[in-house]
Amino acid sequence: MPSPELVCTPAQTVGPFFGLGLPFPGDSALVAANVCGAVELHGAVYDGAGVTVPDALVEIWQPDTAGRIPRVPGSLRRDGRTFTGWGRAATDTDGHYRISTVPPGPVNPGRPAYFAVTVFARGLLQGLFTRAYLPGGDIGADPLLSTLDPSRRDTLLCSAESDSGRTRYRFDIHLQGPDETVFLAYRDGRR
């Protein structure tokens, strides 16, 4: 009697290899770094042991500086002029990512501005959703931030840095552990 053929299950697959299939030219440049008003969102992705993850992918969605959500096609074909509000960056061998963009404006008046962030990494079957809030916003005006314990809230706040006159925002992402970033769960397909 022949033995039955065994089928691979997800636990037996190799990967994911985000750095091979998902990056594309200009993926981390929502705007060119030399554009007036451009900022850099950067940081590192850490695992539960506090070690950086060299094979993660960080995606952002954001409104423009006026808080308008772009509704233009072409996110995968950058033309150097059209701001589409979406981009991604793979982490480098040291677990760091960099994205050149514009600072997002608040979508709702009076609420703090933020980048919507999704993280893909080894060991994750689905991406993790979070937010990276710009410093200086009214935390009490945001429905999510106002409900969090201050020690957990800090995991969603960017820190501002300056490098040769260019504004940079640092946002480190901790997948697990004592400094774990607050991740969001969406229900019924709502975001």
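A word on the basis first. This is a predicted model, in which local features need pLDDT of at least 70 and side-chain atom pairs count only at pLDDT 80 or more, while totals for chains, interfaces and linings use all residues. Residues are numbered from 1 along each chain as its sequence is written, and side-chain values use heavy atoms, with hydrogens and water left out.

The protein has two helices and nine strands; these are DSSP runs numbered from the N terminus, with helices (H or I) of at least four residues and strands (E) of at least two. Along the sequence they follow the pattern α-β-β-β-β-β-β-α-β-β-β. Of the 191 residues in the protein, 37% are buried, where buried means under 20% relative accessible area, exposed over 50%, and partly exposed in between, with a 1.4 Å probe and protein chains only.

I turn to the nonpolar cores. A core here is a set of buried Ala, Val, Leu, Ile, Met, Phe, Trp, Tyr and Cys residues joined through side-chain atoms within 4.5 Å. The largest contains 27 residues, and those touching the most other members are Leu41, Val45, Tyr97, Val117, Phe171 and Ile173. Two or more residues of this core come from each of strands S1 (39-46), S2 (57-61), S4 (96-101) and S5. There is also a second, separate core of seven residues, which includes Tyr133, Leu144, Leu156 and Val182.

Next, how many aromatic pairs are there? The count is two, taking rings of Phe, Tyr and Trp (its six-membered ring) whose centres lie within 6.5 Å; planes under 30 degrees apart are stacked, over 60 edge-to-face, and the rest tilted. Tyr114 and Tyr133 have ring centres 5.0 Å apart and planes at 50 degrees, so this pair is tilted. Tyr114 is in strand S5 and Tyr133 in strand S6, so the pair ties together parts 19 residues apart in sequence. Tyr114 is partly exposed at 25% relative accessibility, whereas Tyr133 is buried at 1%. The other pair, Phe129 with Tyr186, is edge-to-face, at 5.3 Å centre to centre and 75 degrees between the planes. Phe129 lies in strand S6 and Tyr186 in the segment after strand S9 (173-174), 57 residues apart.

Now the largest pocket, with a volume of about 540 Å³. On a 1 Å grid over the protein atoms alone, a pocket is an open set of points where a 1.4 Å probe fits, with protein on both sides within 12 Å along at least five of seven lines; lining residues have an atom within 4 Å of a point. There are 18 lining residues, and Trp61, Gln62, Ile69, Tyr114 and Ala116 are the closest to the centre. Strands S5 (114-120) and S6 (128-133) are the elements that give two or more residues to the lining, and S5 has the largest share, with four. By type, the lining has 11 nonpolar, five polar and two charged residues; Ala, Val, Leu, Ile, Met, Phe, Trp, Tyr, Cys and Pro count as nonpolar, Asp, Glu, Lys and Arg as charged, and the others, Gly among them, as polar.

Finally, the cysteines. With a disulfide taken as a pair of cysteine sulfur atoms within 2.5 Å, the count is zero. Cys36 is exposed, at 78% relative accessible area, while Cys158 is buried, at 5%.

Key:
Grid points are joined across faces, edges and corners, and a volume is the space filled by probe spheres set on the points.
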